[in-house]
Amino acid sequence: MHHLQRPEGRIAYDLYGAENTGTLVVCVPGMFDHRASFRFVGAALAAAGYRVAAMDLRGHGDSDITFSDHTDLAAATDAIALAEELNQGLADARVVMAGNSLGAGAVTIAALDRPDLVAGIALLGPFLRAPEAGWAKRALLKVLLARPWAPRALTLFYDKLHAGRTPEGHAEQLDRVLRMLRPVDRYRAIRETINGPKVSEERIQGAEPPVAEAVVIMGEQDPDWPDPRAEAAWVASAVEGRVVMVPECGHYPQSQRPDVVAPALVDLAERVNAGA
């Protein structure tokens, strides 16, 4: 585990293929998730010759709980800072970023703000706009997020979002998530992430699409959306990207179907390099 120093605290991240000289891929997970959800993709890309950094969101995993901003915009600034840190001194500092759920919004913002740096984005189970929610669903979410049962309830919800294939080591990942949610101070930061505004939705409305090469990777059984294929098509239209629908997969393609996601990311990196 490594740490990136930011103005208000540290961001935790894992490195895969640290000695490789290939394109850097920065991976950003979603809310109440742990960076280890990218463990299979990180190892596969490292084996293919790429450098991979999988980070935690602010207040998540092993990142500090001292931050005041927990939006997807804040995560975008952290991903940019991490890319700059790891590519320091390189002639070509462009990177590929892969984001899951809220992390997809973060890498989209990063691509919009830093077209000189972010050359490719992969949006996995992207959460670029909030699903429609009636009063009953909003009331249920409020109850779900209340302590003392919130850590256990959110871990069970996290498990349910893995519709389709169960990842190897899933029990260990559930334990990581539960242990992350239990401390009161850390849970406060995670709750702020869940309840905070989704800046990516505002940023893409009426904006020019990012110039980065883009691919949208969506699980065919993603429970976040009544029609995952339709949502993937909408996201792809917003970023002018391609769509990869993943069978036997819910909200976490990176851990449920790394056999599909890793080749898709390699293809994205190759397209980026071919267009350099």
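Predicted model: local features only at pLDDT ≥ 70, side-chain atom pairs only at ≥ 80, totals over all residues.
## A cis peptide bond

The bond from Arg147 to Pro148 is cis. Its omega is near 15 degrees. Pro148 sits in a loop. That loop runs between helix 4 (135–144) and helix 5 (150–160).

Phe32 is not a glycine, yet its phi is positive, at about 45 degrees. The residue belongs to the loop between strand 3 (24–28) and helix 1 (39–47). Phe32 counts as buried, because its relative accessibility is 5% and the cut-off for buried is under 20%.

Glu248 also is not a glycine and has a positive phi, of about 55 degrees. Its loop lies between strand 8 (242–246) and helix 10 (253–256). Glu248 is partly exposed, since its relative accessible area is 40%. That class lies between buried, under 20%, and exposed, over 50%.

## Cysteines without a partner

The structure holds zero disulfides. A disulfide is a covalent bond between the sulfur atoms of two cysteines. Here the geometry rules that out for Cys27: the closest cysteine sulfur, in Cys249, is 15 Å away, so the gap is too far for a bond. The cut-off for a pair is within 2.5 Å. Seen from the other end, Cys249 is in no disulfide, and the nearest cysteine sulfur is that of Cys27, at 15 Å.

How accessible is Cys27? Cys27 has 0% relative accessibility, so it counts as buried. Cys249 is buried too, because its relative accessible area is 0%.

Helix 7 covers residues 184–195, twelve residues in total. From first C-alpha to last, helix 7 reaches 16 Å. This is close to the 16 Å expected at 1.5 Å a residue.

Which residues of helix 7 are buried? They are Arg186, Tyr187, Ala189, Ile190, Thr193 and Ile194. These residues lie on the same side of helix 7, because they cover an arc of only 160 degrees around the axis.

What do the buried residues of helix 7 pack against? Their partners are helix 3 (102–113), helix 5 and helix 6 (170–181). Helix 5 is also one end of the loop that holds Pro148.

Key:
Residues numbered from 1 in each chain as written. Heavy atoms only, no water. Helix = DSSP H or I, 4+ residues; strand = E, 2+ residues; numbered from the N terminus. Buried < 20%, exposed > 50% of the residue type's maximum accessible area, 1.4 Å probe, protein only. Expected span 1.5 Å × (residues − 1). Arc of directions from axis to C-beta. Contact = heavy atoms within 4.5 Å.
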